[in-house]
Amino acid sequence: MAAVSIKHLVKSYGSFVAVNDLSFDVREGEVYGLLGPNGAGKSTTLKVLMGLLDPDSGTSTVFGMDSGASPVEVKKRVGYVPEELSLYESLTARELIDFVASIRGLSPETATKRASEMSKALDFTQQYDKTVVTLSHGNKQKVMLIIAMLHAPDLLILDEPFTGLDVRTARIMKDVIKIHVKGGGSALLSTHIMEMAEGLCNRVGIIDKGVMIAEGTLEELRKQAQIEGATLEKLFLKLTGAEEEVEEGVETLREALGD
Amino acid sequence: MELRFRGYLDANPMGASRIKENPERIMRQIRSSNRMSGLLSAMFISLIGTVSVVGAYFNNAVGSFYLRMALSISFFFVLTFVIVFFMNLMATTGFFGASAMRLLSILPFSRGDLENIILLAFGRVFIAPAVIINVVFPLICLALLGPLVGLVALAGCLITTSFAIGALVKVSRWFYIKSHTSTDSRASTIIRITAGLGIVVGMFAAYGIIGILPTLVQSLVQLSLSFGEIAVSMLALVFPFSIGILAAALLPGMAFSPITIGAAIVSSILYGFLALVAYMRSGNSLRSVALGGVTTSGKEIRRDISVDIVSPISAIIRKDMKLASRNLGSMVIIVLPILMIFSAYPIVALTTEGFLRSSSALVGAGYITSFTGISFIGLLSLDSEGASLHEGLPIDSRMILSAKVRVFTVQFTLAMSVLVVWFALASPITPLLVLLPVIELPCAYSIGYLVGAAVYRMRGGGRVVAINIAGDQAVVFLSMALTAAIGCAPLGAYALTLLATGNHIIALGFQLVVALLEVLVARRVSPRMLKG
């Protein structure tokens, strides 16, 4: 059974079609990267998958469960880190983790063990009793990661997990995902950072304007784009047709800065 | 403006989410609310000045003229202290945020410039009431009681303003630190909540005192008379009575004994000196903001990592209470039903025949019940910050609503309990009237579930959404209308049955039947309006 299965998904906001007939699967035990420019429909897809948005048509399932019909059941098996970190600013990390562990009905021993070990691994123990408002973006991201993994989920869904992170934290985040998958879990992440996707994902799907334009392993994408040995960044630009746009933009900037 | 903006965000739990919606609207609202606050302060102060001094001047009811004037002037100082303190407390907590001066600190300003800017910005918050206190009241005293009394009144006003500002700086700084610092004991949490509640309830109680000022003066005059001159001499040592007595002593004629006058002079000089010290210290406290704000990060106590598990509903309630206790704006909303009792007092108390009629009891109960809807929406607004957590958590919207309804039931029960006591004390036309608020209690359930489900349906398609009280007028109107309808239907049943039968027991029976029917409707309808 696929960890995630999206079939012919369509989602519009008024007249704007954010996701247009999108289909892809995430297999169990793999890291799947959803790549695409800003506004491509990545976050919308993940929100539909979490049952936070109702699709106009199509289906989205997590381990065979319809995310629209059984969002609570889906969330029990998923650890989700959204793109925008909107947390209770006046609570401490400890209070947030207590809240989440209670909602998930974890035993005190299990929750304490996991929170403690993950805080150590993420170098977060010093921040554990600080109010969220005083935490940096990277540390907020760590809180969200601890919260997302507290119940040992079968599937991690991470929306732009590397944005705004320093090198060390990004590396830790990457290793956490690898360890999760090594332990039998699956991961679906959206990212702009091509190096991360290249080093981490077993397969990627490139979407643009809500449409899947290419999907597969790095090697399959190279074949599809007919560029041997190309980096994922080069493939991404070629497949999204953005190469010329980038060159034009750089040229305009060069002229502007040259004045 | 930035500092006021931060103060506004601190006082409004839904503020953070509103920034993105319509920042210009919020800025306009802050400006207009500051203008309103200044205008209201001015009106209050003028009113208190008139009620206290002019009222005492022409009222010959009890005691000597001098003692009445001394106490009236003193009470004016007490009340102006309360007004300056409470009216500006919420606006000033934002001054102590570390980032309040961030933008200015990267601009080419010296440290001295930054300190002066923060002092001026703080002063501007209560410039209107401060000016009015120090101009209007001395002028009233000058016109009525002569130049010497006017001069002492001016000194008294300056001392009171200085003390009020000093207290304001201390308390808002303390509350900011408390609300942004984690603590490791339940005792600290209880102290924080109690202090917050004390501030909020104190604010409303202080305004309530204005209405009974002449009675209060009269009572104190009588008390002083029964204890004799020694009581007045003791009073002359206490602020602000020392200044009030000194002012009255300057009136023509033999006002007080030399000991009393001496005590008043010495104490007034001492309080003048203390006011100067308070003013200087306030300046120093505020200057710390210019140097990066009040730090709260160093206050945390490192503890071992352990996770405290409770049931999901208890976890939601615990989280809501923690959020509310760290924000004065939220706390006002939470205790709103209790606060409404203060404003409903005249409805219950004003009985020309000397006893409480059914109609007054009905209006009082209906009035308070109708306003509880805002309080319930306040509970829903607490989730405006935690979207990232909720998006990933397996929480059913019914579970969240259930937790909110439990908190609301406590609020509602407290409000109705106070009403029961008031009804009992107001000599009801029949003892059965005391049961009127008791039979309203099931409405907590029906109001909570029906209003919550309707709002979630309206704004989130049945999913949990955070509600913005200040910005979402439609939801506020809906909640108030629904609450009024649900809360007043049993009262209406009581009224109609009483009119038809004249029998209180049958009327109360019908009230109970309608209240229970509403509970059944809420049980059946609300789950259908919600989505997981």
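Over which residues of chain B does pLDDT stay under 50? The stretch is residues 11-21 of chain B, for which the model has 30 contacts beyond four places in sequence.

## Model and confidence

This is a predicted model, in which local features need pLDDT of at least 70, side-chain atom pairs count only at pLDDT 80 or more, and totals for chains, interfaces and linings use all residues. Residues are numbered from 1 along each chain as its sequence is written, while chains are lettered from A and ligands numbered from 1 in the order in which they are written.

The model scores ipTM 0.83 and pTM 0.69. pLDDT is the predictor's confidence in each residue, from 0 to 100. Its mean for chain B is 77, and 68% of the residues of chain B reach 70 or more. Within chain B, confidence is lowest in helix α2 (residues 15-21), at a mean of 43, and highest in helix α23 (residues 504-529), at 94. Where pLDDT is low, the predicted coordinates should not be read in detail.

## The two chains

Helices (H or I, at least four residues) and strands (E, at least two) are DSSP runs, numbered from the N terminus. Chain A has 10 helices and 10 strands; chain B has 23 helices and zero strands.

A residue is buried if 20 or more other C-beta atoms lie within 10 Å of its own, exposed if 12 or fewer, and partly exposed in between, with C-beta atoms placed from the backbone. Buried residues make up 48% of the 259 residues in chain A and 48% of the 532 residues in chain B. Two residues are in contact if their C-beta atoms, placed from the backbone, lie within 7 Å. In chain A, 68% of the contacts with a separation of 6 or more are between residues 24 or more positions apart. For chain B, 82% of contacts between residues at least 6 apart in sequence join residues at least 24 apart.

## Contact between the chains

Chain B contributes 35 residues to the contact and chain A contributes 46 residues. On the side of chain B that touches chain A, the elements giving two or more residues are α14 (312-325) and α18 (387-392) of chain B. That side has 13 nonpolar (Ala, Val, Leu, Ile, Met, Phe, Trp, Tyr, Cys and Pro), 10 charged (Asp, Glu, Lys and Arg) and 12 polar residues (the others, Gly among them).

## Helix α5 of chain A

In α5(A), 10 of the 13 residues are buried, among them A:Val143, A:Ile146 and A:Ile147. The buried residues of α5(A) pack against β6 (78-81), α3 (93-103), α4 (108-121), β7 (155-159) and α6 (167-182) of chain A, together with α18 of chain B.

A nonpolar core is a set of buried Ala, Val, Leu, Ile, Met, Phe, Trp, Tyr and Cys residues joined through C-beta atoms within 7 Å. The largest has 149 residues, and those touching the most other members include A:Leu96, A:Ile146 and A:Ile147. Helix α19 (residues 397-425) of chain B gives the most to this core, with 12 residues. A second, separate core of 57 residues includes B:Ile83, B:Val152, B:Phe163 and B:Val221. Not counting residues up to four places away in sequence, A:Leu96 touches residues including A:Val143, A:Ile147 and B:Leu389.

A:Phe162 lies in the loop between β7 and α6 of chain A. A:Phe162 is buried because 20 other C-beta atoms are within 10 Å. A:Phe162 and A:Ile193 are 31 residues apart in sequence, with their C-alpha atoms 7.5 Å apart.
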